[in-house]
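Hi,

Here is the structure I promised to pass on.

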Amino acid sequence: MNSEQFQSSLQEKGIILTEKQLDQFEQYYATLVEWNEKMNLTAITEKADVYLKHFYDSITAAFYYDFTKPFHLCDVGAGAGFPSIPLKIVFPQLEVTIVDSLNKRISFLNHLADVLKLENVHFVHDRAETFGVNQHYRESFDVVTARAVARMSVLTELCLPLSKVGGHFIAMKAAHAKDELEMGQKAISTLGGKVEEVFTFTLPLEGSERTILLIKKEKQTPKKYPRKPGTPGKAPIE
């Protein structure tokens, strides 16, 4: 997907990019490739692949949820900034907080925010498990996103405690999401969530399957969750 196809594919979904936004995506790509030579941010570096599998794929969340309002989004384990930084470029009124366990990725994101001149973005070096029990952040976000970080039963324990009651957790998954969802149902209900909708679609041009799970936070998460770092992965709620 080249930048023209990127622009026209988003236009088909009702998202019109300005010249400034197109420039920001170009700068994002250049910065990502430059820093990727120093640290492992992504295995995907071909420009056409980055535009499709990182930039466009990140924005697909906005096809199924209204990102046009101002709200506070938390992105868990965003790595090189996906999906939250592409969403922030397209919807600049968003306030974005990214939590990631690797400090060098936080360094990259701070630099990237400077290059792209992004405002109202915050980067926190922490494990999701300890971030989720921090009273400053717990149950304070309107929307929590995560993209292919872990399987649903684990991911739910990392993300749902951060969402405020009435807010949403948006999980962005590749294939096999339905199986993961079945295994994750217990975790979702235990942590105060309910599956609102499931959207499955294919990426343009190459046709790989994607699924977006929209989970509503209906009640407070019990205080004992998330458990200590490493525990959700070793002993998931299933």
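A quick word on terms before anything else: helices (H or I, at least four residues) and strands (E, at least two) are DSSP runs, numbered from the N terminus. Asp 75, for one, is found in strand β1. Please keep in mind that this is a predicted model, where local features need pLDDT of at least 70, side-chain atom pairs count only at pLDDT 80 or more, and totals for chains, interfaces and linings use all residues. Residues are numbered from 1 along each chain as its sequence is written, and side-chain values use heavy atoms, with hydrogens and water left out.

The overall picture

The chain has 10 helices and seven strands. Its C-alpha trace spans about 45 × 35 × 30 Å along the principal axes. The radius of gyration (taken over C-alpha atoms) can be set against a globule rule of 2.2 Å times the number of residues to the power 0.38. For 238 residues a compact globule would come out near 18 Å, and the chain, at 17 Å, agrees with that.

I call a residue buried under 20% relative accessible area, exposed over 50% and partly exposed in between (1.4 Å probe, protein chains only). Contact means heavy atoms within 4.5 Å. Of the contacts with a separation of 6 or more, 70% are between residues 24 or more positions apart.

Strand β1 and Asp 75

Strand β1 covers residues 72-76, and five of the five are buried, so the strand is largely enclosed by the rest of the structure. In a regular strand the side chains alternate between the two faces of the sheet. Here both faces are covered: His 72, Cys 74 and Val 76 are buried on one side, and Leu 73 and Asp 75 on the other.

Two strands count as paired if DSSP finds at least two bridges between them. β1 pairs with strand β2 (residues 95-100) in the parallel sense, over five bridges. Within that pairing, Val 76 has Val 99 of β2 as its bridge partner.

Back to Asp 75: its relative accessibility is 0%, so it counts as buried. Leaving aside neighbours within four places in sequence, Asp 75 is in contact with Gly 81, Phe 82, Pro 83, Ser 84, Thr 97, Ile 98, Val 99, Thr 145 and Ala 146. Its C-alpha atom is 13 Å from that of Thr 156, which is 81 residues away along the chain.

Thr 42 and His 54

Thr 42 is in the loop between α2 (19-36) and α3 (47-59), and His 54 lies in helix α3. Thr 42 is buried, with a relative accessible area of 8%, and His 54 is buried with a value of 8%. Beyond four places in sequence, Thr 42 is in contact with Leu 32, Asn 36 and His 54.

The β6–β7 hairpin

Strands β6 (residues 193-202) and β7 (residues 209-217) run antiparallel and are joined by nine bridges. Thr 202 stands opposite Glu 209 in β7. The two strands form a hairpin with six residues between them, and Leu 205 sits in the turn with a positive phi of about 70°. Leu 205 counts as exposed, at 61% relative accessibility.

Most residues other than glycine have a negative phi, and most peptide bonds are trans. Besides Leu 205, whose phi is near 70°, have a look at Glu 139, where phi is near 50°. Glu 139 is in the loop between α7 (128-131) and β4 (141-147) and counts as buried, at 18% relative accessibility.

Pro 83 lies in the loop between β1 and α5 (84-90). Another cis peptide bond joins Tyr 225 and Pro 226, with omega about -5°; Pro 226 is in the loop between β7 and α10 (231-234).

Best wishes
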